[in-house]
Amino acid sequence: MRKNPAQDRPESDMAHLEALLADTQERLRECEERYRHTVELSRQMVWTADADRRIISASSAFSHLTGLAHVDPHHGFLQAVHPDDLRVLMERWARPGTSEPREAEFRMKDAAGTYRLFRARAAARRNEAGEIVGWYGYTEDISEQRAAEQARRQAEERYRLAAMATDDAVWDHEFAKGEVHWIDSASAFLGLPGGQGRTPASYWPENIHPQDRERVVSNAYGAIEAGLNRWSSEYRFRSRSGNYVLVLDRGFAIRDGDGKCIRAVGTMADVTERRRAEAELKRMQAELIQVSRLSAMGAMASTIAHELNQPL
């Protein structure tokens, strides 16, 4: 009979192998324990399913969220999903194909009985023959994310409509990208190249009147570097006609947590006619004052002459 090779090894070698095996098993146990704790601490619902797409296990986040603590994961999931979303979800889940991972959004009832929006993502595990033997996935609550996105879109729409309601050129300077975004109404006012809504950051100083450029640029960037959040300047700027118009430019700095300016937004208003009207009004007021003075002097002269013509 052939001897077992292990019987020929010294006892020290066997002890070493046993110690190595024990250490490997301990490392595996610790790894599994860390994974389990990570899953349990996550707000995402981590789950597994068999090859037939039947959910066989789910993290405790599922029962905490849905309140279904004593129901098997598969039936609990079917009970929690909104009836209007369940059919479409199951059809997409059972759809054949190899595109992975799969993703779906649906409504699911929480422990308070309120339907919230969730997103599920899953990937298949295959054997050496390429056959699906199981599924791994997670489900996360995206209700607040969607609400925030909706609020952001509504705010942007209000901002856009408000900007379109004015003749001012509304601008948004993104320092990281080195470009300025102009609201649509600015195209008619400034005559942006090709009617585009974005220009390089250099477009702004290049179109300031040469006699105003240094003063205006220094005022804007000096205010930002000094930590100021607001600044304004009045200067001449090249319009769509190629002529210079007088503009009143107001800016506001947006800073990150470290106080670094990352964006600046503002408005540029054409005040050429306003300033011309103000100058004309001042001129007319000056003329009126002069006429009033002359009239008063004439009346005074007439009175004096009348007095002199009277006999003593």
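At 31% relative accessibility, R107 counts as partly exposed, where buried means under 20% relative accessible area, exposed over 50% and partly exposed in between (1.4 Å probe, protein chains only). This is a predicted model, in which local features need pLDDT of at least 70 and side-chain atom pairs count only at pLDDT 80 or more, while totals for chains, interfaces and linings use all residues. Residues are numbered from 1 along each chain as its sequence is written, and side-chain values use heavy atoms, with hydrogens and water left out.

**Salt bridges**

- The structure holds 13 salt bridges, a salt bridge being a side-chain nitrogen of Lys or Arg within 4 Å of a carboxyl oxygen of Asp or Glu.
- One of them joins the side chains of R107 and D85 at 2.8 Å, N to O, and this pair links distant parts of the chain, since R107 is in strand 3 (residues 102–109) and D85 in helix 4 (residues 83–94), 22 residues apart.
- Helices (H or I, at least four residues) and strands (E, at least two) are DSSP runs numbered from the N terminus.
- D85 is buried, with a relative accessible area of 17%.
- R116 forms a salt bridge with D141, with the closest N and O atoms 2.6 Å apart; the pair links strand 4 (residues 115–126), which holds R116, to strand 5 (residues 132–141), which holds D141, across 25 residues.
- Both are partly exposed, R116 at 23% relative accessibility and D141 at 34%.
- R198 and E174 meet through their side chains in a salt bridge of 3.3 Å, N to O; because R198 lies in strand 8 (residues 198–200) and E174 in strand 6 (residues 169–174), the pair ties together parts that are 24 residues apart in sequence.
- Salt bridges that share partners join E174, K177, E179 and R198 into one network, in which R198 is partly exposed at 37% relative accessibility and E174 is buried at 19%.

**Sheet and helices**

- Five strands form an open sheet in the order 2-1-5-4-3 with antiparallel pairing, where two strands pair if DSSP finds at least two bridges between them.
- Strand 2 (55–58) and strand 3 are the edge strands, each pairing on one side only.
- Strand 4 and strand 5 pair in the antiparallel sense over nine bridges, and R121 stands opposite Y138 in strand 5.
- Helix 3 (residues 73–80) packs on the sheet and touches strand 2, strand 3 and strand 4, contact meaning heavy atoms within 4.5 Å.

Methods
Axes fitted to C-alpha atoms, helices over the stretch in contact; angles between N-to-C directions.
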